[in-house]
Amino acid sequence: MESYKKEFIEFMIDSQVLKFGEFTLKSGRKSPFFMNAGGYVTGAQLERLGEYYARAIHDNYGLDFDVLFGPAYKGIPLSVATTMAISRLYGKEIRYCSNRKEVKDHGDTGILLGSRLKDGDRIVIIEDVTTSGKSIEETCPIIRAQAKVEIKGLMVSLNRMEKGQSDKSALMEIKEKYGFDANAIVNMQEVIEYLYNKPLKGQIYIDDRIKEEIDAYYKQYGAR
C-alpha cells in the first residue's frame, strides 16, 4: 500500500472522520463504521485532505484534465482544497467548479460556482463518499447541460465496498451506468488490513470484536 494511503487512514482516525461502533446510515443499514467528511473543519485538515485527493487523482487519472467539479455542498470545499493542492504539489493549474442547489437569478447568475464549463473541457468529479450513487445521478445532468464535456472520472475519499442499488458496489455501478471510472483514495479492505489489531497512539480501533462485526456486515451488504 502506498505510504500516502497509510497516512490518509491515520488522518481519518485522527480527525475523527472515520469511526467504529454502531451507526444507522441514510439507507437504513446498521453499520459498524461511519465516515463523515464534514469532520474536516480546520485549515490544516483541509490542506492535508486536498493533498491526499491530489495524489490519488494524479495516480488514477493523471493531470491531463481541466476542471475539478465538486457537487454541492460537501464537494465545494473538497474541489477548492484539491485544486490548490494540485497547483502546490504538481505546478498544474486546474479550474474548480461546483453547483448550487438553487439557480441564482441575480449578480453571479446561474447554477454554477467557480469556473464556467466550456465545450471540450475534461472533468474529474470529487466527492467525500458514495454509497448509493444518487448524487452522481443528480450531478451528471447538471454538468452535461452546461457544455459538451468529457467526464474522465470520479474520486471519493473512501470506497465502502458495499452494495449500491444492485449486488455491485456504487463505484462499479457508476462506471457501468455512466461510462467513466470511479476510484477512491482508499477502500475499506485497505483500512481493515492496516488497522486490524494495530495500535495507533496506544489505541486499537479494529480489534477482534469489531472485525467480526465488520465481517458480518460485509456478509450481508458486501459488493460482489
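By class, 10 nonpolar, five polar and five charged residues make up the lining of the second largest pocket; here Ala, Val, Leu, Ile, Met, Phe, Trp, Tyr, Cys and Pro count as nonpolar, Asp, Glu, Lys and Arg as charged, and the others, Gly among them, as polar. The model is a predicted one, in which local features need pLDDT of at least 70 and side-chain atom pairs count only at pLDDT 80 or more, while totals for chains, interfaces and linings use all residues. Residues are numbered from 1 along each chain as its sequence is written, and side-chain values use heavy atoms, with hydrogens and water left out.

A pocket is defined on a 1 Å grid over the protein atoms alone, as an open set of points where a 1.4 Å probe fits, with protein on both sides within 12 Å along at least five of seven lines; a lining residue has an atom within 4 Å of a point. The second largest pocket holds about 300 Å³ of space, where grid points are joined across faces, edges and corners and the volume is the space filled by probe spheres set on the points. At least two lining residues come from each of α1 (3-14), α2 (43-61), α5 and β8. Strand β8 gives the most, with six residues. Helices (H or I, at least four residues) and strands (E, at least two) are DSSP runs, numbered from the N terminus.

Ala184 counts as buried because its relative accessibility is 16%; buried means under 20% relative accessible area, exposed over 50%, and partly exposed in between (1.4 Å probe, protein chains only). Ala184 also comes within 5.1 Å of Ser157, C-alpha to C-alpha, although 27 residues separate the two in sequence.

The strands around β7 can be followed from one side to the other. Strand β7 (residues 150-159) is mostly covered, with eight of its 10 residues buried. On one side, β7 runs parallel to strand β6 (residues 122-126), and five bridges join the two; strands pair if DSSP finds at least two bridges between them. Strand β8 (residues 181-187) is also parallel to β7, here through six bridges.

Between β7 and β8 the chain passes through helix α5 (residues 170-178), and the three elements make a right-handed β-α-β unit. A crossover is right-handed if, with the strands pointing away from the viewer, the path from the first strand over the helix to the second runs clockwise. Glu173 has its place in helix α5 and is buried, because its relative accessible area is 15%. From the C-alpha atom of Glu173 to that of Lys163, 10 residues away along the chain, the separation is 9.3 Å.

The loop between β7 and α5 contains Arg160. The UniProt record, an unreviewed entry, places the feature "binding site" at Arg160 and Thr131; UniProt positions are given in the numbering used here, feature names are shortened, and annotations may be inferred rather than shown by experiment. Arg160 counts as buried because its relative accessible area is 4%.

Most residues other than glycine have a negative phi, and most peptide bonds are trans. The peptide bond from Ala72 to Tyr73 is cis, with omega near 0°, and Tyr73 is found in the loop between β3 (67-70) and α3 (75-90). Gln16, which is not a glycine, has a positive phi of about 55°. Gln16 sits in the loop between α1 and β1 (18-24) and is exposed, with a relative accessible area of 57%. Asn197, also not a glycine, has a positive phi of about 55° and belongs to the loop between α6 (188-195) and β9 (199-200). At 38% relative accessibility, Asn197 is partly exposed.
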